[in-house]
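The sequence and the model come first, and the notes follow by topic.

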Amino acid sequence: LIHTRIKQKADKIVFFLDPEAESLDNYPGYSPKSILAHVKTYVEKFYPKEAIYLKPHPRQNTQDILNYLKNNWPTHSYRWCETDDFVDLIAQAKEVWGMTTVCLLMAKRVGRPIKSFQFERNALGALQSIPHLEQDIIL
């Protein structure tokens, strides 16, 4: 299905968010907000003219993330894609970013460049990560 929607002139950088860890026992060393803080710096340094398309996880507290973005990211630097179809977003992406979402694997499978942001990852985070993402991790 995704192969039929791939755009040759893809122009978006799409970031698929992961939900918060449910407890400290599952904490990988980073959270969606801590990753977004690092990604903001990364974008300012390497992609200063790009708007990042942010897709929240279905279990995400979207209002919490939106409040964070409102207070920490310039409004021109991101697009909120809560209702967009993830397959369409991958098809339109020139790069796909995330933490450990399976969307990264799908994007990689169809030839999209990916980045897995896992800044401050701890030992549990390394254990919980997806082995196929290791070569694309930004720590």
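**Pockets, sheet and aromatic pairs**

The second largest pocket is lined by Phe-16, Leu-17, Lys-55, Pro-56, His-57, Pro-58, Thr-62, Glu-82, Phe-86, Thr-101 and Cys-103. The model is predicted: local features need pLDDT of at least 70, side-chain atom pairs count only at pLDDT 80 or more, and totals for chains, interfaces and linings use all residues. Residues are numbered from 1 along each chain as its sequence is written, and side-chain values use heavy atoms, with hydrogens and water left out.

**Pockets**

- A pocket is an open set of points on a 1 Å grid over the protein atoms alone, where a 1.4 Å probe fits, with protein on both sides within 12 Å along at least five of seven lines; lining residues have an atom within 4 Å of a point.
- A volume is the space filled by probe spheres set on the points, with grid points joined across faces, edges and corners.
- The second largest pocket holds about 160 Å³ of space.
- Its lining divides into six nonpolar, three polar and two charged residues (Ala, Val, Leu, Ile, Met, Phe, Trp, Tyr, Cys and Pro count as nonpolar, Asp, Glu, Lys and Arg as charged, and the others, Gly among them, as polar).
- The largest pocket has a volume of about 340 Å³. Of its 19 lining residues, Asp-18, Pro-19, Ala-21, Thr-100 and Gln-128 are the closest to its centre.
- Seven nonpolar, eight polar and four charged residues make up the lining of the largest pocket.

**Sheet**

- Six strands form an open sheet with parallel pairing, in the order S3-S2-S1-S4-S5-S6. Strand S3 (78–80) and strand S6 (137–138) stand at the edges with a single partner strand each, so one side of each has no neighbour in the sheet.
- Strands (E, at least two residues) and helices (H or I, at least four) are DSSP runs numbered from the N terminus, and two strands pair if DSSP finds at least two bridges between them.
- Strand S1 (residues 12–16) is mostly covered, with five of its five residues buried (buried means under 20% relative accessible area, exposed over 50%, partly exposed in between, with a 1.4 Å probe and protein chains only).
- On one side of S1 the buried residues are Lys-12, Val-14 and Phe-16, and on the other Ile-13 and Phe-15.
- S1 runs parallel to strand S4 (residues 93–98), joined by five bridges, and Ile-13 stands opposite Glu-95 in S4.
- S1 also runs parallel to strand S2 (residues 52–55), joined by four bridges; here Val-14 stands opposite Tyr-53.
- Three bridges join S4 to strand S5 (residues 114–117), also parallel, and Val-96 has Ile-114 in S5 as its bridge partner.
- S1, helix H2 (residues 32–46) and S2 make a right-handed β-α-β unit (with the strands pointing away from the viewer, the path from the first strand over the helix to the second runs clockwise).

**Aromatic pairs**

- Rings of Phe, Tyr and Trp (its six-membered ring) pair if their centres lie within 6.5 Å; planes under 30 degrees apart count as stacked, over 60 as edge-to-face and the rest as tilted.
- The count comes to nine aromatic pairs. In one of them, Tyr-42 and Phe-46, the ring centres are 4.8 Å apart and the planes are at 50°, so the pair is tilted.
- Tyr-42 and Phe-46 are four residues apart in helix H2, separated by about one helical turn.
- Tyr-42 is buried, with a relative accessible area of 15%, whereas Phe-46 is partly exposed, with 47%.
- Phe-15, Tyr-42, Phe-46, Tyr-47, Trp-97, Phe-117 and Phe-119 form one aromatic cluster.
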